[in-house]
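Walk me through this model, residue by residue where it counts.

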Amino acid sequence: MNHIVIISSSVRLKRASNRVALYFKNYIEENKLASAEILDLNEYQFPIFNERLKLQVNPSVQTLAFAEKIKLANGVVIVTPEYNGGYPAALKNVIDLLYDEWHRKPIAISTVSAGGFGGTQVITSLQFTLWKIRAWTVPAMFPVPKVQEMFDEMGNPTDKITMDKKAEAFIKELLWCMEAKEKMSI
Ligand SMILES: Cc1cc2nc3c(=O)[nH]c(=O)nc-3n(C[C@H](O)[C@H](O)[C@H](O)COP(=O)(O)O)c2cc1C
């Protein structure tokens with residue numbers, strides 16, 4: 001079975017975007033689309049980047065474990081909040097940490113905001129960075145505006161039918177890219 005990792009990028013105390021990460025895990029498992037796992041950057045608490053993993057002399061066990069999870073994932077969903085028009089430092093921290101692990105990795109991006117625009121201004125900067133690192137970003141969007149109204153703390157959507165319909169289209173694109181990659185054996 002394919003394995004999807006979901007990166008929950010906010011390390012903020014009262015974060016809300018983690019609700020979206022919880023939702024994706026539930027959605028993927030409920031519909032038996034793949035196995036799913038959340039990589040919670042708040043749990044990892046990585047120190048501020050000072051060197052790429054491949055050049056580190058004594059990498060931490062945690063860093064190695066994180067790298068292995070990205071390497072082995074068939075696909076990745078990044079859930080990111082919008083902070084001042086960009087994505088959080090915690091996310092840039094782990095993108096820069098790895099290199100080959102990101103290569104041709106199918107990645108779908110979900111942006112989240114408390115306001116009405118769903119964090120969509122994050123897309124261009126995050127997609128550019130992922131392109132630079134040679135990942136394969138999926139051409140589908142999953143913007144979540146007014147996140148506190150859309151999901152409860154357990155990741156249950158207020159309007160499950162509408163949310164699942166959106167998720168279906170979004171995850172379908174990711175699965176297509178995962179399958180295409182598998183077929184090419186690359
Ligand atoms: C430093 C900071 C900057 C923010 N900038 C924006 C912004 O530019 N646009 C926006 O819609 N929301 C912005 N927000 C609100 C977030 O979208 C909101 O906190 C949302 O819940 C997602 O982030 P969270 O997972 O950390 O809670 C900002 C929040 C913080 C903490």
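The side chains of Thr 137 and Gln 127 make a polar contact at 3.2 Å. A polar contact here is a pair of N or O atoms within 3.5 Å; within protein, one must be able to donate a hydrogen and the other to accept it, and residues adjacent in sequence count only if both atoms are side-chain atoms. This is a predicted model, in which local features need pLDDT of at least 70 and side-chain atom pairs count only at pLDDT 80 or more, while totals for chains, interfaces and linings use all residues. Residues are numbered from 1 along each chain as its sequence is written, and side-chain values use heavy atoms, with hydrogens and water left out.

Thr 137 sits in strand 5 (residues 136-141). Strands (E, at least two residues) and helices (H or I, at least four) are DSSP runs, numbered from the N terminus. Is Thr 137 buried or exposed? Its relative accessibility is 16%, so Thr 137 counts as buried. Buried means under 20% relative accessible area, exposed over 50%, and partly exposed in between (1.4 Å probe, protein chains only). Leaving aside residues up to four places away in sequence, Thr 137 touches Ile 107, Ile 109, Gln 127 and Leu 130. Contact means heavy atoms within 4.5 Å.

Now the charged pairs. A salt bridge is a side-chain nitrogen of Lys or Arg within 4 Å of a carboxyl oxygen of Asp or Glu. By this rule the count is nine. One of them joins Asp 40 and Arg 15, with N to O at 2.8 Å. Asp 40 lies in strand 2 (residues 35-40) and Arg 15 in the loop between strand 1 (3-8) and helix 1 (18-30), so this pair ties together parts 25 residues apart in sequence. Both Asp 40 and Arg 15 are buried.

Other bridges stay within a helix. Glu 29 pairs with Lys 25, the closest N and O atoms being 2.7 Å apart. Both lie in helix 1, four residues apart, about one turn of the helix. Glu 29 is partly exposed, at 34% relative accessibility. Lys 25 is partly exposed too, at 25%.

Helix 4 (residues 89-97) holds Lys 92 and Asp 96, again four residues apart, about one turn. Their salt bridge has its closest N and O atoms 2.8 Å apart. Lys 92 is partly exposed, with a relative accessible area of 31%. Asp 96 is partly exposed at 23%. Elsewhere, salt bridges that share partners join Glu 30, Lys 160 and Asp 164 into one network.

Which residues of helix 4 are buried? They are Ala 90, Leu 91, Asn 93, Val 94, Ile 95 and Leu 97. Their cover includes strand 1, helix 2 (41-44), helix 3 (61-72), strand 3 (75-81) and helix 5 (122-132).

Last, the ligand. Of the 14 residues around the ligand, Ser 10, Arg 12, Ala 16, Ser 17 and Tyr 83 come nearest. A residue is near a molecule or strand if one of its heavy atoms lies within 4 Å of it. A ligand oxygen is 2.5 Å from an N or O atom in the side chain of Tyr 83. Backbone atoms take part as well: a ligand nitrogen is 3.3 Å from a polar backbone atom of Glu 82, and a ligand oxygen is 3.1 Å from a polar backbone atom of Ala 114. Taken alone, the ligand exposes 600 Å², and the protein buries 72% of that. Accessible areas come from the Shrake-Rupley method with a 1.4 Å probe; for residues, only the protein chains shown count as cover.
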